[in-house]
Amino acid sequence: MTDVRARLAEILAPMLAELAPSEQPAFVALAERVAAGRYRVWAEQAKDDESRAQLLACAEREEEIASRVEAVTPGAAEIQARVEADHPDVAQAYQGLFDGLALEGQLALQAQAERIGAATWRAFAANAEPSVAEIFHRCAALEEESASTLEALVGASGRV
């Protein structure tokens, strides 16, 4: 399996380095929205209604994370627009992580990415004021819920 941490760092680190620490959560929220789109594609490929519903629930969690973070990040929309303008291929680069993998492999890779996301939100929380830290911790929990969902789907071999 691909070293997800290294591949994500390769894709995201240069963009994060261009941003002030206070802007970085808005960028990660943008990545959450990209991931939500992936979940919707996977839901279309699911073999059964239950798997489809679980993948759509993951997409909703990604959107919830993005919305929560954008609500507490001043200028989030402007930051995201700037990143998209400066790096129009970021979504495609992320999608490239999954190229050549069967659906189960893609979901396993995304589960790892969700665990990394949870750690990222906790790191942001460590440097945030208490009310924002609480939101970031909630985001971490949502990431872990999606990771567990994906791990269960992958563990139920042949189900997705």
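Guide: A residue counts as buried under 20% relative accessible area and as exposed over 50%. This is a predicted model.

Visitor: Which residues of H1 are buried?

Guide: H1 covers residues 4-17. Its buried residues are Val4, Leu8, Ile11 and Met15.

Visitor: Which helices do the buried residues of H1 pack against?

Guide: Val4, Leu8, Ile11 and Met15 are buried in H1. The buried residues of H1 pack against H2 (24-45), H5 (90-96) and H6 (103-126).

Visitor: Where in H1 does the kink lie?

Guide: H1 has 14 residues and reaches 19 Å, close to the 20 Å expected. It still has a kink of about 40°.

Visitor: Are the rings of Tyr94 and Phe98 stacked or edge-to-face?

Guide: A search of the whole structure finds six aromatic pairs. The centres of Tyr94 and Phe98 are 5.3 Å apart, with planes at 80°. Planes over 60 degrees apart count as edge-to-face. So the pair Tyr94 and Phe98 is edge-to-face.

Visitor: Is Tyr94 buried or exposed?

Guide: Its relative accessibility is 11%. The cut-off for buried is under 20%. Tyr94 therefore counts as buried.

Visitor: Which residues do ring pairs link into a cluster?

Guide: Tyr94 pairs with Phe98. Phe98 is buried, at 3% relative accessible area. The cluster is made of Tyr39, Trp42, Tyr94 and Phe98.

Visitor: What distance, N to O, separates the side chains of Arg52 and Asp49?

Guide: Both residues lie in helix H3, three residues apart, about one turn of the helix. Residues three or four places apart in an α-helix point the same way, because there are 3.6 residues a turn. The side chains of Arg52 and Asp49 meet in a salt bridge, N to O, at 2.6 Å.

Visitor: How many residues apart in sequence are the parts tied together by Glu60 and Arg40?

Guide: The side chains of Glu60 and Arg40 meet in a salt bridge of 3.4 Å, N to O. Glu60 lies in H3 (residues 49-72) and Arg40 in H2, so the pair ties together parts whose separation in sequence is 20 residues.

Visitor: Which helix holds Glu144, the partner of Arg122?

Guide: Arg122 and Glu144 meet in a salt bridge of 3.0 Å, N to O. They are 22 residues apart, with Arg122 in helix H6. Glu144 lies in helix H7.

Visitor: Which residues do salt bridges that share partners join into one network?

Guide: The structure holds 10 salt bridges. Glu60 and Arg40 form one of them. The network joins Arg33, Arg40, Glu60, Glu63 and Glu70.

Notes: Residues numbered from 1 in each chain as written. Predicted model: local features only at pLDDT ≥ 70, side-chain atom pairs only at ≥ 80, totals over all residues. Heavy atoms only, no water. Helix = DSSP H or I, 4+ residues; strand = E, 2+ residues; numbered from the N terminus. Expected span 1.5 Å × (residues − 1). Bend = angle between axes of the 7 residues up to and from the residue. Buried < 20%, exposed > 50% of the residue type's maximum accessible area, 1.4 Å probe, protein only. Contact = heavy atoms within 4.5 Å. Phe/Tyr/Trp six-rings, centres within 6.5 Å; stacked < 30°, edge-to-face > 60°. Salt bridge = Lys/Arg side-chain N within 4 Å of Asp/Glu carboxyl O.
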